[in-house]
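Good morning, everyone, and thank you for making the time.

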Amino acid sequence: MLSISNLSKTYLPDKKEALKGVTLDIEKGEFTALLGQNGAGKTTLINILAGNVLKTEGMVKIGGYSIGSHALETKRIIGIVPQDTGYDFVFSVYEALKKQSGYFGIRHNGEYIDELLESLYLTDKKFSNIRGLSGGMKKRFLIAKALVHRPKILVLDEPTAGVDIEMRHTLYDFLIRLHQSGTTIILTTHYIEEAEKLCDRVVIIDSGRIIADEPKTQLIENFSRKVTVEFQFDFELDSADMAFLNAYNPQIEEKTKLRLRVLKKNLPEVFQLISRRNMEFVDLAIEKPTLEDIYLSIIHR
Ligand SMILES: Nc1ncnc2c1ncn2[C@@H]1O[C@H](COP(=O)(O)OP(=O)(O)OP(=O)(O)O)[C@@H](O)[C@H]1O
Ligand SMILES: [Mg+2]
C-alpha cells in the first residue's frame with residue numbers, strides 16, 4: 001500500500017539531515033503509530049508523502065505509484081491531515097471542502113460532506129469562515145478535508161494536539177470506525193496512550209532513523225518479561241532486612257509497601273523467598289509496563 005525505501009531528506013542551506021535512510025512498508029488495513037520526539041523527522045516524512053517536500057534520496061511508492069513521477073495518482077490514494085493548522089482561507093468550511101473535491105474532479109458529494117461534518121461535529125460550522133474556527137475545530141476541518149476524496153490511506157500528523165479531551169475521544173471513535181471500514185491509517189502523536197488505544201503497529205523514529213518497528217502486542221510482550229510487583233504488608237518494613245531480595249531491586253514505599261522488579265519466570269521464587277521469611281502480605285499488585293514506559297526506554301536506550 002505504501003512503500004518507502006532508503007528515504008533521506010537534507011534541508012538546505014543548513015544541510016540538516018531530517019531523514020537518514022528510512023525504510024518502511026505499510027500493508028493495507030494497518031493502523032500504524034509513528035512516534036518520535038520533537039524534530040525526529042515525522043512531519044518531514046509526512047510532507048514528502050503529501051508532495052509538499054521533495055525527497056533528497058530514496059524511493060516512495062503509494063499504491064504502486066512512485067510519488068515523483070505520478071503525483072496525481074498518489075494524491076488520489078492518500079489523504080493527509082497536516083500538523084500545521086495555520087490556514088488563513090477566506091472560504092467557509094463548506095466552500096473549502098467543495099473546492100478540495102473539485103481538485104479531484106469530484107462533484108455532487110454534498111451528502112458525503114454533510115456526513116463528514118456530522119461525524120466530526122462540525123455541522124453547525126458548515127458556513128462559518130475557516131479563519132474563525134478554534135484550533136480544535138480547524139484540526140477537525142483538516143480531517144474532513146483529507147477525506148473528501150475517500151482516500152485508501154489516511155495520514156494524520158498530530159490530529160489531537162490541542163483538541164480537548166472529550167473531543168479527542170470522539171475522534172478516536174471516528175478513527176476506529178474509519179479503520180474498520182477499510183482505511184489504512186498512519187498517525188503521529190505525542191499522546192502515547194492514544195497509540196496504545198488505536199494502533200496495531202508502532203514505528204519509532206529518532207533523529208531521522210527508524211529505531212523500532214513492531215506489532216504493538218509484540219513490543220509490549222517483549223518488554224513485559226520483567227514486571228513490577230508490589231506487596232502490601234500490615235507492618236512496617238526495614239530496608240536492612242530486605243537484603244535477601246537484593247537481586248530484585250527492593251524499594252520500600254510508605255513504610256509498608258515493598259516494590260520489586262522481577263522477571264516473570266522468577267515470580268514463584270520471589271513468593272517462596274517471602275513466605276519462608278513468614279512475611280504475610282495483605283495485598284499484591286503486578287504492573288506491566290505501558291506503551292509509554294516502553295517508548296521512553298527505547299528513546300533513552
Ligand atoms: N523547512 C525546513 N527547513 C529546514 N529544516 C527543517 C525544515 N523542516 C524541518 N526541519 C528540521 O528537520 C528536523 C525534523 O523536523 P520535523 O518537523 O520533521 O520533526 P517532527 O518529528 O515532525 O517534530 P514535532 O514532533 O516537533 O512535530 C528538525 O531538526 C527540523 O528543525
Ligand atoms: Mg511534526
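Predicted model: local features only at pLDDT ≥ 70, side-chain atom pairs only at ≥ 80, totals over all residues.

Let me begin with helix H3, residues 93-103, where the buried residues are Val93, Ala96, Leu97, Gln100 and Ser101. Around the axis they cover an arc of only 140°, and therefore they lie on the same side of H3. After H3 comes Gly105, a residue whose phi is positive, near 70°.

Let us turn to the metal. Which atoms coordinate the magnesium ion, ligand 2? They are OG1 of Thr43 and OE1 of Gln83, at 1.9 to 2.2 Å. This pair links distant parts of the chain, since Thr43 sits in helix H1 (residues 42-50), while Gln83 belongs to the loop between strand E6 (78-81) and H3, 40 residues apart. Thr43 is partly exposed, with a relative accessible area of 26%, and Gln83 is likewise counted as partly exposed, at 33% relative accessibility.

Finally, please find Glu214, which lies in strand E10, residues 209-215. Is Glu214 buried or exposed? With a relative accessible area of 19%, Glu214 is buried, because the cut-off for that term is under 20%. Leaving aside residues up to four places away in sequence, Glu214 touches Arg201, Val202, Leu219 and Asn222, and with Asn222 there is also a side-chain polar contact of 2.8 Å. The C-alpha atoms of Glu214 and Val203 are 6.7 Å apart, although the two residues are separated by 11 residues along the chain.

Methods: Residues numbered from 1 in each chain as written. Chains lettered and ligands numbered in written order. Heavy atoms only, no water. Buried < 20%, exposed > 50% of the residue type's maximum accessible area, 1.4 Å probe, protein only. Helix = DSSP H or I, 4+ residues; strand = E, 2+ residues; numbered from the N terminus. Arc of directions from axis to C-beta. Donors = N, O, S within 2.8 Å, 3.2 Å for Na, K, Ca; no water. Contact = heavy atoms within 4.5 Å. Polar contact = N/O pair within 3.5 Å; in protein donor to acceptor, adjacent residues only side chain to side chain.
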